[in-house]
Each structure stands twice: as C-alpha cells, then as structure tokens.
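Here is a quick tour of one structure, taking in a sheet, some salt bridges and the nonpolar cores. Have the viewer open as you read.

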Amino acid sequence: MRRSILFLAAAALALVVPEFAQAEQPPRGARGCKLSNLESTSDPARHLLMPGAAGMLVRLEIARYECQGRHPDGRRAPWSDYYSRYGLSSADGTVLIPRLYDAMVLYSETSAFVQREDKRWVLYRFGRGEEPVPGGHVEFQGLLPRLWGEQGCNPPRGQAPVVPAAAISLSAPDARGRREVAVYLGDAPPLLFTDLGGPGIVRPVESHGDILITHWVDETGSRRSRLYNRSGEAISPDLGPVERWASDVPPGERGPVCSFFQDFGLYVAGPSLDTDPANPVFGPLLLPIDEQGQPVALPPGAIGVLAVPRRFHGEKRLPDAGWGRTRVWAVVYPTADGFNFTLTPGSLQSALAAAPTEPRYRNLARHVFPSTFDTIETGRLMSVGLNEDHWRGRIYDRWDIVGPPAADAMAASSLVGSTEHSLDYEARNARLRVQQADNQRRYADALASGNACRLPSVIGGADDATIFAHANACPQNYSPNDREWLRWRGAPAVVLSGIDQAREAARREADAQRAEWAEQARNYVSPSQREAMWRIAGDAWIKGIRENADAQQQQRQRQYQADWQRSQRAY
C-alpha cells in the first residue's frame with residue numbers, strides 16, 4: 001500500500017526517465033529497497049499550470065521504490081512498489097523542489113508545503129529550501145482549484161491542469177473540535193481564521209471561485225458559515241449552512257464546461273419547509289448567492305428556491321462531497337397559510353426567468369419504497385396544483401410525461417407509470433409499423449425481381465398477402481413454427497403443403513448427409529492410427545527378414561555337417 005499522498009489535480013503521468021540532477025535517497029524506514037523507476041510529466045501537454053499572474057508551467061517528478069516486506073508468518077514478501085517520493089521542476093527541467101518528499105501541496109509560483117519522511121510538514125521556498133511552518137500547524141488540505149476542477153470535471157483536452165489555488169494548514173483541534181486555520185493564497189501573507197470546524201465538518205474552509213467559505217458549529221450545535229473575499233474581508237454576516245448545487249444538463253446535451261453540469265453555485269440553507277420531520281420532502285429553503293457573494297435577485301414576491309433532486313433522503317440528500325445535483329428547481333412564494341412553488345426543469349437561471357408565468361403547486365411527494373440496502377426511488381414526482389384537489393404524477397427524467405388526475409399521491413404515481421408505459425408501447429408500435437412497411441416494400445421488390453428466396457421469412461414483418469406469396473415462392477425459408485403461424489393466419493393449403501414438402505426434402509437431405517458422415521467416420525483412419533499401422537507392418541517385415549536369415553543359416557549348418565560326415569566315411 002502506498003504511504004504517500006499527493007494533493008494535486010494532475011493528469012495521468014507519462015513514464016519517462018527525466019534529467020533530474022539530484023541524488024536519489026531510498027526510504028530510511030524500510031529495508032531492502034531499490035529504485036523502481038522515475039516518472040515525470042515531461043510532455044508539455046501534461047504540464048501543471050501554477051496559480052499566479054505569470055501562468056508558470058511546472059512538471060511533477062516522482063521516484064518510486066520497491067521494498068521487501070514480510071508476511072505475518074515471517075516469510076519475506078515479494079518486491080512491491082509501495083513507496084514514492086515527490087519533487088518539482090520547471091518546464092525546462094530546472095529543479096524547484098528535490099525529489100525527497102512524501103507529499104506536496106502547491107499553492108503559489110514560489111512556495112509549496114512538503115511532508116518530510118518523518119511526517120513533519122515544512123514550508124519550501126523554491127531555490128531557498130525548507131522553512132518551519134508558522135504556528136506549528138500539523139495538518140494540510142488542498143482547496144479546490146479556481147478553474148476547471150471547481151466544476152468537478154477534468155479540463156478540456158490540451159488544457160493544462162490547474163493545481164490548487166490555495167492551501168490551508170490546520171492546528172490540532174481543541175476540546176470542542178475547533179481549529180485555527182491559515183489560508184495561503186499565492187505569495188501573500190496567510191489569512192488566519194480561528195474557532196472553525198466542529199463535529200461533522202470535514203473542510204473548515206472551502207473556496208468557490210474568488211469566494212472563501214468558512215464553516216463552524218456554534219454553541220447551540222447548529223452549523224454556521226461566513227463568506228470572505230480573497231483579501232480576507234468578510235462579505236457576508238454569519239449565515240446558516242452554505243451548500244453547493246449544480247444543475248444537470250438535459251439528456252443528450254452538454255454543459256459549457258463539463259458534460260454533466262450547466263451551472264454550479266452557492267446557496268445559503270435556511271429553515272426546512274417540511275412540516276413532518278419524519279417524512280422529509282422539500283428540505284431547506286435555499287437563497288442563491290452570486291460570484292461576488294451577494295444574494296441573487298429573485299422574481300417579485302419569491303422568498304427562495306428549492307433544489308428538487310431525483311434522490312432525496314432527508315439529511316442524506318447531499319452526497320459526501322458537500323454538493324448536490326438536480327434537474328428541477330422550485331421557486332417558492334409565501335402565502336397566508338404556508339407557501340406555494342413552481343417546478344421548472346433546467347438551470348436555476350431558467351427557473352427564475354420562467355417563474356412569473358409558470359403554474360403554481362402547493363404540495364409535493366415522491367414514489368419511494370424501502371429495499372434491503374437502500375431506499376429505492378422510482379423517479380416519479382407527484383404534485384398538487386394551487387387551485388386543485390387532485391394529484392398528478394410526473395416522470396422526473398422525462399418531464400413532459402404527466403399522468404391523469406388522481407385522489408392521492410400513490411394513485412397518481414401508478415397512473416403516471418401506466419401513462420409512461422402506454423407512451424412507450426405506442427412508440428414501439430410506431431417503430432414496428434415503420435419497420436413493417438419497409439419489410440413489405442423490400443419483399444415486394446424481391447418477389448417482383450425473382451430474388452425473394454435470398455430474404456428470410458417475413459412473419460410479422462408485412463401484410464398477409466406478401467407473407468403468403470413469399471412462403472409459396474420460398475417454402476424452404478419457413479420453419480415448423482412459421483407454418484403454424486401461417487395456418488393460424490389462414491394461409492392457403494398449397495402454401496402449407498409446399499412448406500411440408502420443403503421440410504421433408506430438407507429432412508431427407510439431412511438424413512443422407514448424416515449417413516455419409518457416419519460412413520466416413522467408420523472408414524476414417526487418424527494420423528496416429530496410420531502411424532501405428534505402418535509400424536506394425538514394418539515390424540512384421542523386419543521379423544520375416546530375420547526369420548528367413550535364421551532359416552538359411554540353419555540350412556547351411558546342416559549341409560556343412562552332412563558334407564563333413566560323408567568325407568569321414570570315405571576314409
């Protein structure tokens with residue numbers, strides 16, 4: 001497991017061996033380590049764009065080590081690449097930070113925070129070396145980049161990634177979970193904030209464009225936020241929780257920056273509009289904030305907006321990243337006995353512009369049912385019109401589908417589901433009718449040209465007359481199941497008889513082919529069998545030669561003995 005973390009919004013690294021003039025130092029805490037490889041973003045298209053007016057481009061330098069560990073039973077583990085050290089160089093290869101550190105947080109064109117091997121963080125000035133961290137802060141966290149990464153997506157192809165535009169250092173939390181936070185924005189002196197954080201707050205400071213957002217938990221246990229500009233000046237009073245929401249682009253379209261969003265903004269969360277906390281539907285009233293940290297102008301009479309996401313589980317309506325996505329916005333208006341609202345798909349700007357003429361609603365519900373692991377939402381949204389007593393259902397991802405009126409929300413959900421099914425069924429039938437007309441034209445042309453049998457059966461793909469004509473001309477193209485369908489449709493007897501004859505001829509041909517294959521299989525001699533036959537024949541031939549030679553030798557011996565005996569009797 002890698003022990004190093006690099007807080008960079010960087011693209012994938014190209015594997016090269018850079019000219020990085022420095023001595024490589026393996027980790028002191030591990031034994032049996034060897035240098036595995038050196039990596040560098042030397043490709044100009046993969047350089048990192050540092051924050052600052054100069055637009056300085058740098059490249060990341062990494063040394064990776066393989067170290068031998070040990071299994072729990074004491075055996076030596078195989079080599080594993082688990083240790084890395086980081087450095088930084090300019091685009092022309094000049095060393096800015098030696099490749100000696102476990103992690104880096106880059107925030108300006110002259111400085112960075114680096115983590116030493118002993119896990120201590122120090123400030124590194126390019127060309128000057130290490131300096132102690134002011135205030136002895138012990139934790140570091142990169143803020144969101146000011147450009148492309150802020151929208152939650154990768155930069156366009158060919159655009160240099162932007163490193164974080166700010167870094168924050170945090171002191172150790174006190175008994176209340178509060179911290180002192182220093183925010184470093186370029187080469188300016190750090191901005192100091194006290195008493196930030198608390199239970200449940202992961203990031204005490206966040207950035208959004210040129211706005212800094214601070215978060216803390218007050219004495220009553222409520223989450224609070226305040227906005228600052230990049231000079232450290234407060235541009236808002238103490239606010240409720242500040243949330244971030246993005247509008248999903250319509251299906252099939254692309255946003256101006258990312259494929260997923262068409263805007264990404266800040267919202268101050270006010271009181272919840274739900275009257276039953278056990279059954280949350282609306283969530284808190286939101287007040288949108290512009291890029292200068294000021295409230296966005298609302299339509300006359302409106303008091304705020306609601307994000308209406310597809311998934312809504314009360315406190316879990318925002319993902320862990322602290323921001324949410326929605327395709328539908330509601331603009332809220334007060335009434336004597338509560339509130340009413342509009343429902344508009346698209347961006348917040350389009351919802352605000354359309355609000356004065358949009359229909360109003362007074363209640364909202366979702367079709368939700370529990371499952372084993374999570375709550376399942378069907379994507380059906382039910383609402384009651386301002387001057388109506390009945391519910392109507394909508395399909396969230398297909399906003400134009402609206403069901404008929406119903407007495408309650410669940411009945412409206414069922415009716416809009418039936419409406420969606422009917423529309424899909426009719427659309428499928430329309431496509432089928434177009435396909436059938438095309439099939440009928442193609443088969444009619446094929447019959448007229450005498451090439452009909454090159455096309456398969458047209459069961460269900462044309463009118464009965466065309467199908468019967470094709471079956472009569474090409475009975476071999478129709479299966480037994482096709483024949484039954486034709487019989488059910490009232491095909492002439494000559495057509496059915498032709499199919500039967502064609503199937504019988506095909507059966508006889510198949511039987512003859514199988515018999516031929518069986519005969520070939522019986523007479524087939526495999527290469528191994530042929531080799532064995534030749535070996536047996538050769539062995540028999542050699543045996544015959546040897547037996548013949550033995551017989552001739554025995555005959556010569558008997559003749560020699562007979563001649564010798566005759567010669568002895570002569571004396």
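Let's start with Glu130, which is partly exposed at a relative accessible area of 35%. Keep in mind that this is a predicted model.

Glu130 has a charged partner: its side chain meets that of Arg116 in a salt bridge, 2.8 Å from N to O. The two sit 14 residues apart, with Arg116 in the loop between E7 and E8 and Glu130 in strand E9, so the pair links distant parts of the chain. Arg116 counts as partly exposed too, with 27% relative accessibility.

Those strands belong to an open sheet of four, ordered E6-E7-E8-E9 with antiparallel pairing. Strands E6 (103-106) and E9 (129-131) are at the edges; each has a single partner strand, so one side of each has no neighbour in the sheet. On average, neighbouring strands here are turned by 35° against each other, ignoring direction.

The whole structure holds 28 salt bridges. Here are three of them, with the N to O distance for each:

| Salt bridge | Distance (N to O) |
|---|---|
| Arg116 and Glu130 | 2.8 Å |
| Arg128 and Glu131 | 3.0 Å |
| Arg507 and Glu504 | 2.3 Å |

In the second pair, Arg128 is exposed, with a relative accessible area of 65%, while Glu131 counts as partly exposed at 23%. Arg507 is partly exposed at 41%, and so is Glu504 at 31%. Both also join a salt-bridge network with Arg508, Asp511 and Arg514.

Now for the inside. In soluble globular proteins, nonpolar side chains tend to be buried together. Which residues of the largest nonpolar core touch the most other members? Among its 16 residues, they are Phe282, Val308, Phe341, Leu343 and Leu364. Strands E20 (304-308), E22 (328-335) and E25 (361-370) each supply at least two residues of this core, and E22 gives the most, with three.

Leaving aside residues up to four places away in sequence, Phe341 touches several residues, including Phe282, Ala330, Val332, Tyr361 and Leu364. There is also a second, separate core of 15 residues, with Ile62, Met104, Leu106 and Phe126 among them.

How values were computed: Residues are numbered from 1 along each chain as its sequence is written. This is a predicted model: local features need pLDDT of at least 70, side-chain atom pairs count only at pLDDT 80 or more; totals for chains, interfaces and linings use all residues. Side-chain values use heavy atoms; hydrogens and water are left out. Two strands pair if DSSP finds at least two bridges between them. Axes are lines fitted to C-alpha atoms, for helices over the stretch in contact, and angles run from 0 to 180 degrees between N-to-C directions. A nonpolar core is a set of buried Ala, Val, Leu, Ile, Met, Phe, Trp, Tyr and Cys residues joined through side-chain atoms within 4.5 Å. Buried means under 20% relative accessible area, exposed over 50%, partly exposed in between (1.4 Å probe, protein chains only). Contact means heavy atoms within 4.5 Å. A salt bridge is a side-chain nitrogen of Lys or Arg within 4 Å of a carboxyl oxygen of Asp or Glu.
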